[in-house]
Structure formats: C-alpha cells, structure tokens
Amino acid sequence: MPVVISCTMPKMVLSAPNFRRDLLNWYDRHQRSLPWRTPAPAGGRPEPYHVLLSEIMLQQTPVATVTDYFQRFLVQFPTIESLAQADEQRVLRLWQGLGYYSRARNLHRAAGVVMRDHGGVLPATVEGLRELPGIGRYTAAAIASIAFGKCVAAVDGNVTRVLCRLNGIESDPRRGATIERLWSLADSLISLRRPGDFNSAMMELGAIVCRPKSPQCLLCPVRHHCRAFAEQSQDRIPAPPKRRKLPRVRRWTFVIEWIFEGERRFRIERRPAVGRWAGMWQFPTIVAGCGAPADDDVERACPAAASVPRRILAIDHSLTHRRYRFTVFHGVAAAPDPDGIWASIDELDRYPLPKPHVTILAWLRNREASPTIGS
Ligand code: SF4
C-alpha cells in the first residue's frame, strides 16, 4: 500500500513495492561480503548464533572493527553451547578492545539462558528474543528477521537516517513520537518475502551510501523515492543531536612493580562486579585528588608500594557520557602484600583490561624493549 508522507510541501508518495524492488535489487548486487552473512549449510539464512553474535558486536561498533573480533570469537566459541560453558573472564578477555563490556557479559548470560531454558536453540520470535539479557527492540527484530525470516522491521541508527531523509522528517529522531513514527514507516515498507534482506539492505544503504556526512545521492538506488534528495535537504536531515559538554573525571593509577627472581611483576586488582568495566582487571586506581598523590593515597591504592611513585603517563579516554583523565604513576614494592595479585607482563595478557590499562601495558612492554623509555 502506498505510504503518504504528510508535510507542508506538496504531497510526495513513496511507493512501497517500487522502493522495495529498487532497494533489494541494489542489495543483491552491492552488499558487502561479511562473515556473518554466510548462509548456514542447511538453509538459505545465516546461522542464528552468528547473527546474534554479530548484532551484539555491531552495537556502537563499526563493521571494520567487528569483523576480526567476530572471527576470533567464533574460533574460541564456535557454538552457543561453548560460549555458555566458558568462563566469563575468558569472554571478557576476547572482547577486550571492543568496549561496552556489558554487551559481552549479557551475551554470555544469554547463551546460558538459551542452553538452560531453550534446549540450546535461540528463540525465533521477537518476544522470545527480548526475554534474553541484553537484547532490546532493535536487536530482537534484526535477529528474528535475518535468522528466522520473521516479518518485522528493525530500525537502528543507519535505518533511522535513511528513513528520515526518505520521508523528509526534520524532527529530532531521538524523541519518542518520531521514534514510533520511524518504526511504523519501516513496518509499512518491509518486504514480506525477504524481510531479513530488506532490513539488512536498509542498514547497508545507510552504512555505505546514505552516510551521515556527504551522502552519495547520485549513486543511491532509491533517490527517486527520496524527499530529502528532491528538496536537497539531505545535509540537514536528520536533526543533529544537541551537543553536551561531557563531564571530565580524573583518576590516579599506580603501576607498582616488584622484582621477583629477576622478573618484574605488577600489582593488579579486580574491578567491582557492577558498574563500568565490571569484573575486569586494572592497575590500582583511585579517584584523583588535588595536586600530587599523598602517602595516604598511595597506601590506599597499593599498600605494598615502597617508593614515592613517579608520574609516567597521562591517558585521556572518552566514553559516551564522560571523559576520563588517568594520571599514571610508577613505583616499586620491597615485597608483595600477602593478599595482592602480582602478574608479569606476559601474564597480564590473560586478564581482561579496560582500554586505558591496555595502553599502560603497551607502555610497559615498550619499556621492556627499550629500557630508556620513561627512565
Ligand atoms: Fe540518502 Fe541521498 Fe539516497 Fe536520499 S537519495 S536515501 S539522502 S543517499
């Protein structure tokens, strides 16, 4: 049924059948070859576990980054069963560098629920998928349509941009009413015959043609259906987010080493089980005070530290809602504290570390290779 777009300009009619035809023809010719799109041997759709894994990894992370992680992950955990049986620390270590670690923890928990409650088979419906940890509206719709052929539209950031431009929607796409309007527009366009391909094609179009900046309209297979192109308003649609200044928080991190039988070992600690970087490991870190750390601060961070730590690095790290400044100090311990965990550089590779601590580890490795660094 044609979708009538209402606005103050003369009415423009988007013909859903013609739009689908043009979009899917383009997708059949131009889709990227991505490892999670390979059809399962038994049928024409990709393996559901692969779709689940790719959709979780692709949240907030670009395709180019995800591809390697996806392949490495499948080598370690080829089935949902192997993932469910794995130790969470191993899963986090493999996820290291992808960020948003709650995704990894939820994925691991979801695998456990699938094994325990669904006999190892991923639910095929949006409702069933949404019962799993970490799976929201978009991810459930994407998995249900791509892996199981369910006729449900999936609207992510790329699809939001395409729909806003196609329909000349200038209102903020982060507002509730606009979000609902976009989901309903996507529902009215989806292909009954190829819902998974339709959703993938919309995302693909947003990723490689209808890009946030400089959309490639002259190469676009659906430009004849596009209101923004007709009005040359594509550069101001969708409405940009309101920029907020991110709060900056400061941390002091202490790299305390103890030399045991000629090998350097470093004090590490595990982060709390909830919150940012939950359950991961780090060099002892505390909230920074004013000026330089006092003896009490050093004692609190690492009771074994024997020397006054010396500043070696400053690391800035931005997350969605805040910016961090880690000031890193180096010191030595005369002897390890009895309850502390001390790891060599090679052993540190086995621990899941947040990105700023991976940077510190890289600095320590460089120093091993070139001892004049930081001396
Ligand atoms: Fe996007 Fe341009 Fe295609 Fe419209 S014509 S959907 S703005 S790339």
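This is a short talk on one predicted protein model, from its overall build down to a few single residues.

Let's start with the whole chain. The protein has 375 residues, and 50% of them count as buried. The secondary structure comes to 15 helices and nine strands.

Now the surface. The accessible area is about 18,900 Å². Carbon and sulfur atoms hold 52% of that. On charge, I count 52 positive side chains and 35 negative ones. The centres of the two sets lie 9 Å apart.

On to empty space. Rolling a probe the size of a water molecule over the atoms shows where such space is left. How many cavities of 30 Å³ or more does the structure hold? One. The lining takes 16 residues. Closest to the centre are Arg165, Cys210, Cys217, Cys220 and Cys226. So that's one arginine and a set of cysteines, if you want to pick them out on the screen.

Which elements give two or more residues to that lining? They are α9, residues 157-167, and α12, residues 227-231. Helix α9 has the largest share, with three residues.

Two elements are listed as giving two or more residues here: helix α6, residues 102-117, and strand β7, residues 310-318.

Trp277 sits in the loop between β4 and β5, the latter being residues 281-282. Is Trp277 buried or exposed? It counts as buried, because its relative accessibility is 9% and the cut-off for buried is under 20%.

Compare that with Glu261. This is another non-glycine residue with a positive phi, here about 50°. Glu261 is also in a loop, the one between β3 and β4, where β4 covers residues 263-270. But its side of the story is the solvent-facing one in terms of area: Glu261 counts as exposed, because its relative accessibility is 72%.

One more backbone item. Where is the cis peptide bond? It joins Ile237 and Pro238, with omega at about -5°. Pro238 belongs to the loop between α12 and β3, and β3 runs over residues 248-260.

Ile237 leads us to Ser171. The two are 66 residues apart in sequence, yet their C-alpha atoms are 8.7 Å apart in space. Ser171 is found in the loop between α9 and α10, with α10 at residues 176-189. Leave aside neighbours within four places in sequence, and Ser171 is in contact with Thr178 and Ala239. Its relative accessible area is 34%, so Ser171 is partly exposed.

Ser200 counts as buried, because its relative accessibility is 9%. What does Ser200 touch, not counting residues up to four places away? Tyr27, Arg37 and Ile146.

Beyond four places in sequence, Phe77 touches Tyr49, Ser82, Leu83, Ala86, Arg90, Val91 and Leu94. For a sense of span, take Phe77 and Ala305. They are 228 residues apart in sequence, and 40 Å apart in space, C-alpha to C-alpha.

Note on methods
Residues are numbered from 1 along each chain as its sequence is written. This is a predicted model: local features need pLDDT of at least 70, side-chain atom pairs count only at pLDDT 80 or more; totals for chains, interfaces and linings use all residues. Side-chain values use heavy atoms; hydrogens and water are left out. Helices (H or I, at least four residues) and strands (E, at least two) are DSSP runs, numbered from the N terminus. Buried means under 20% relative accessible area, exposed over 50%, partly exposed in between (1.4 Å probe, protein chains only). Accessible areas come from the Shrake-Rupley method with a 1.4 Å probe; for residues, only the protein chains shown count as cover. Lys and Arg count as positive and Asp and Glu as negative; His and the chain ends are not counted. The place of a charge is taken as NZ of Lys, CZ of Arg, CG of Asp or CD of Glu. On a 1 Å grid over the protein atoms alone, a cavity is a set of points where a 1.4 Å probe fits but cannot get out, and a pocket is an open set with protein on both sides within 12 Å along at least five of seven lines; lining residues have an atom within 4 Å of a point. Grid points are joined across faces, edges and corners, and a volume is the space filled by probe spheres set on the points. Contact means heavy atoms within 4.5 Å.
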